[in-house]
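Subject: The two-chain model, handed over

Hi,

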Amino acid sequence: MKRSRVLVAVVAASALVALAGCSSSGSNDGKTIKVAYQDFGTDLMAKFMAKAKAGFEKANPGEKVTLVPIKAAENDYYTKLSLMNRSASTAPDVLYEDTFLIRSDAQAGYLEPLDSYVNKWDEWSQFYDNAKDAGKGDDGKIYGVSMGTDTRALWYNKDIFAKAGLPADWKPKDWNDVLDAAKTIKDKVPGVTPINIFSGKAGGEASSMQGFEMLLYGASKDGLYDASSGKWITGSKAFTDSLDVLKEVYQGGLGPSQEITSDTNYQNIVTSQLIPQGKLAINLDGSWVAGTWQSTGDTNWPEWEKTMGVAPMPTQTGQEPGSISMSGGWTLSMGSKSKVKDEAWKFISYALNKANSLDFDISLSQIPVRKDVAADPAYAKSNPTSTFFASLVDVTKFRPATPDYSKISNGIQVAMESVMTGQQSPAEAAKAYDDTVVGIVGKDKTKSE
Amino acid sequence: MTSTIDAVAEGASGRGTSRPPRPERTARSRRVRRSVARTVPLIPAIGLLVVFLVGPILSSFYGSFTNSSLTGAAAASSEWVGLKNYIDLFNSPDFPVAVVLTLVFLIGSAVIGQNIVGMVLALLMRAGGRVVGAIVSTFVVGAWVLPEIVAAFASYAFFSQKGTLNAILAMVGITGPSWLFAFPMLAVILANTWRGAAFSMLVYSAALQEVPPEITEAAEVDGANGIKRFFLVTLPMIRRSISTNLMLITLQTLSVFTLIYVMTGGGPGNKSMTLPVLAYQEAFKFSELGYGTAIATILLLVGAVFAIVYVRALKTEVD
């Protein structure tokens with residue numbers, strides 16, 4: 001009975017939303033552009049969008065931009081966006097889209113191909129080829145214009161390193177170097193968490209990408225997925241080895257406590273509390289985290305420039321190419337159900353022109369995808385780590401962008417969690433992961449390594 | 001709603017038959033006309049029920065036979081896949097775990113927790129003074145009045161590692177465990193008991209007031225002690241309230257989602273993954289709407305089975 005009441009409420013609420021959608025799009029003569037984006041954690045994205053709206057409306061009198069901030073963490077953001085995209089009355093005209101969802105959202109018919117627009121855009125040649133590829137769907141059409149990309153590496157606290165007698169210019173050569181440094185810190189600097197490698201279900205995609213895949217792709221060439229044959233990899237030694245590292249970190253008392261790693265706020269606790277408070281020595285994390293500590297960010301911590309060092313994440317035994325990184329990134333895409341496509345394109349090309357891209361890359365600590373932005377001295381000056389993280393683009397890898405990835409990623413998090421809590425040995429957890437993968441994609445879409 | 005319709009129909013036909021005999025046709029046509037006329041005011045209500053209750057149930061039922069999805073090719077055009085979702089579900093290792101956890105949650109927090117705590121509170125309040133009763137009921141009803149999301153956050157704050165419970169334990173020198181991590185099911189069961197006990201308490205308080213004091217007094221004169229009086233006199237007299245209450249709290253508890261999702265998110269691992277949380281995860285986290293709907297349909301069936309059992313139990317007692 002309660003259930004039915006909930007259903008009634010849901011239907012009524014969605015009817016209201018639909019009505020609201022009708023009325024707002026009915027009164028604008030097709031000149032209002034609805035822009036949906038994620039506004040969560042920091043307000044950097046909200047500031048960027050507000051500025052783009054103001055500039056666009058000034059440059060195009062008579063046209064209006066309605067911002068639709070979606071206040072939700074990553075997974076919920078994807079869900080809410082998909083739900084909005086399902087109906088013409090709620091679908092946004094312009095949307096902030098994660099590159100790894102472009103293929104499946106393009107297949108779902110949510111996104112409008114942009115080829116006819118970008119081909120006429122004189123600034124399109126400024127974009128790097130891999131950035132153009134990041135917005136491509138399975139059919140080879142362009143479904144999104146890259147805003148920026150990111151890389152991942154080791155952040156370390158030089159003050160704690162000095163206390164532990166470790167070098168200020170730290171360059172670990174393999175996984176053992178990283179773990180040895182963590183053990184030294186555990187022995188010499190009590191009260192400090194030696195290392196954080198995101199792990200477990202509460203960390204969500206951060207666990208899979210910043211944590212596990214940063215290990216796995218440094219131990220095997222194909223990592224999770226063989227793109228040439230379209231098969232997922234099972235029975236991989238690299239998988240078990242990566243879980244071994246987590247066992248050593250979390251069962252060996254080197255990582256954050258279970259209360260932190262099982263908190264849904266895990267990521268924020270690490271970047272806004274543990275690191276600025278000097279309670280964490282090494283953190284395997286993204287290029288963007290410094291954005292939180294900038295004066296424009298949430299946790300203003302100007303000392304970070306002197307305190308924090310960065311080092312590339314080494315491969316397992318230092319094998320070629322010596323270090324590893326993972327990349328993602330976001331695009332602006334156009335909703336296929338939009339009734340104001342030309343205006344939507346005008347907004348996209350305005351929001352991602354040189355000046356705005358530069359502003360986005362600087363304030364959100366992103367790596368530029370435009371040649372003119374990368375060459376701009378203002379970018380290199382903005383952040384002492386920007387040149388370092390941009391250089392990791394040479395060794396970086398991408399996640400398999402198939403619709404099954406989110407389920408596989410969940411399987412990884414389950415394996416991580418059972419190893420870090422000691423419920424399963426790395427070998428057992430890897431076996432359970434293999435079974436999960438076969439269950440998701442079928443035996444014929446997997447291959448044993 | 002349905003009972004109102006029945007009552008109206010019964011009233012109409014009952015009166016019709018008691019009338020003195022008249023020519024068959026006019027009487028029947030008049031009866032038909034009258035019952036049609038009496039149905040007219042109900043049409044808006046029936047319409048709403050069909051649109052908002054039957055509609056979603058049918059669409060959920062249909063959806064569970066498709067591969068409907070939030071993203072990917074299946075989102076553009078979903079296909080009929082027959083029983084595939086149900087076959088996958090019954091083969092999935094997560095499903096039996098979720099069913100067992102749902103039953104544990106249901107029995108622990110509703111049938112035992114809310115039901116017994118509510119009864120005990122009602123008995124104590126009847127026995128205690130008026131002031132004590134007023135204070136206690138204010139606190140208990142307070143938990144029930146809170147929106148589910150607020151109650152969920154309050155429970156999270158109570159059970160979390162540095163929460164109220166462990167702070168109290170620390171005062172007496174005990175280091176409490178991380179409740180939500182070490183005993184997730186216990187934590188959500190206690191939280192749901194706390195939140196829902198007020199409802200049972202109110203139902204039972206009302207029922208107990210209806211028990212005529214003469215009967216209890218007569219039993220007392222016959223030499224029955226307090227416990228005997230409760231089990232042999234009071235309980236049988238309020239049996240109908242008990243089964244009504246059990247039905248309501250069972251159906252409420254089966255659909256609890258917010259409380260568990262906020263407190264543990266179904267974790268750690270899948271140690272508190274009940275059917276509603278599993279359905280949410282499959283439908284909205286993994287974008288498999290069809291599969292998630294299949295789980296919701298199973299949940300609907302489980303609820304229907306319980307409802308039928310309780311309704312049957314009620315009916316025999318009325319007769």
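How many residues does the contact take from chain A and from chain B? Chain A gives 29 residues and chain B gives 25. Please keep in mind that this is a predicted model.

On the chain A side of that contact, at least two residues each come from α1 (2-26), α3 (74-85), α4 (102-107), α11 (258-261) and α20 (405-420). Of the elements in chain A, α1(A) contributes the most to the side touching chain B, namely 7 residues. Sorted by class, the side of chain A that touches chain B holds 13 polar, 9 nonpolar and 7 charged residues.

Chain A as a whole

Chain A contains 21 helices and 15 strands. Its radius of gyration is 23 Å, close to the 22 Å that the globule rule gives for 449 residues, so chain A is as compact as a globular protein of that length. Along the principal axes, the C-alpha atoms of chain A fill a box of roughly 70 × 55 × 45 Å. Of its 449 residues, 48% count as buried. Among contacts in chain A with a separation of 6 or more, 73% are between residues 24 or more positions apart.

Two details in chain A

Three strands of chain A form an open sheet with mixed pairing, in the order β7-β8-β15. β7 (225-226) and β15 (446-448) of chain A stand at the edges with a single partner strand each, so one side of each has no neighbour in the sheet. β7(A) pairs with β8 (231-234) of chain A in the antiparallel sense over 2 bridges, and K231(A) in β8(A) is the bridge partner of D226(A). Helix α21 (426-441) of chain A packs on this sheet, where it touches β8 and β15 of chain A. The direction of α21(A) makes about 160° with that of β8(A).

12 of its 12 residues are buried, so α9(A) is largely enclosed by the rest of the structure. The buried residues include E205(A) and E213(A), as well as M209(A), F212(A) and L216(A).

Chain B

Chain B has 17 helices and 0 strands. Its radius of gyration is 25 Å, well over the 20 Å that the globule rule gives for 319 residues, so chain B is more spread out than a compact globule. The C-alpha trace of chain B spans about 85 × 75 × 30 Å along its principal axes. Here 32% of the 319 residues count as buried. Of the contacts in chain B between residues at least 6 apart in sequence, 69% join residues at least 24 apart.

Chain B is divided into domain 1 (2-63) and domain 2 (84-318), with C-alpha centres 36 Å apart. In chain B, 4 residues of domain 1 are in contact with 6 residues of domain 2. The domain 1 side of this contact consists of 2 nonpolar, 2 polar and no charged residues.

Helix α12 (213-221) of chain B is hardly covered, with 0 buried residues among its 9. Just after α12(B), G223(B) takes a positive phi of about 100°. M185(B) lies in helix α11 (184-210) of chain B. M185(B) has 17 other C-beta atoms within 10 Å and is partly exposed. Leaving aside residues up to four places away in sequence, M185(B) touches L101(B), V104(B), F105(B), K271(B) and S272(B). From M185(B) to T216(B) it is 31 residues in sequence and 40 Å in space, C-alpha to C-alpha.

Happy to go through any of this with you.

Best wishes

Methods:
Residues numbered from 1 in each chain as written. Chains lettered and ligands numbered in written order. Predicted model: local features only at pLDDT ≥ 70, side-chain atom pairs only at ≥ 80, totals over all residues. Domains from an automatic or database assignment. Contact = placed C-beta atoms within 7 Å. Nonpolar A, V, L, I, M, F, W, Y, C, P; charged D, E, K, R; others polar. Helix = DSSP H or I, 4+ residues; strand = E, 2+ residues; numbered from the N terminus. Rg over C-alpha atoms; globule rule 2.2 N^0.38 Å. Buried ≥ 20, exposed ≤ 12 C-beta atoms within 10 Å, placed from the backbone. Pairing = 2+ DSSP bridges. Axes fitted to C-alpha atoms, helices over the stretch in contact; angles between N-to-C directions.
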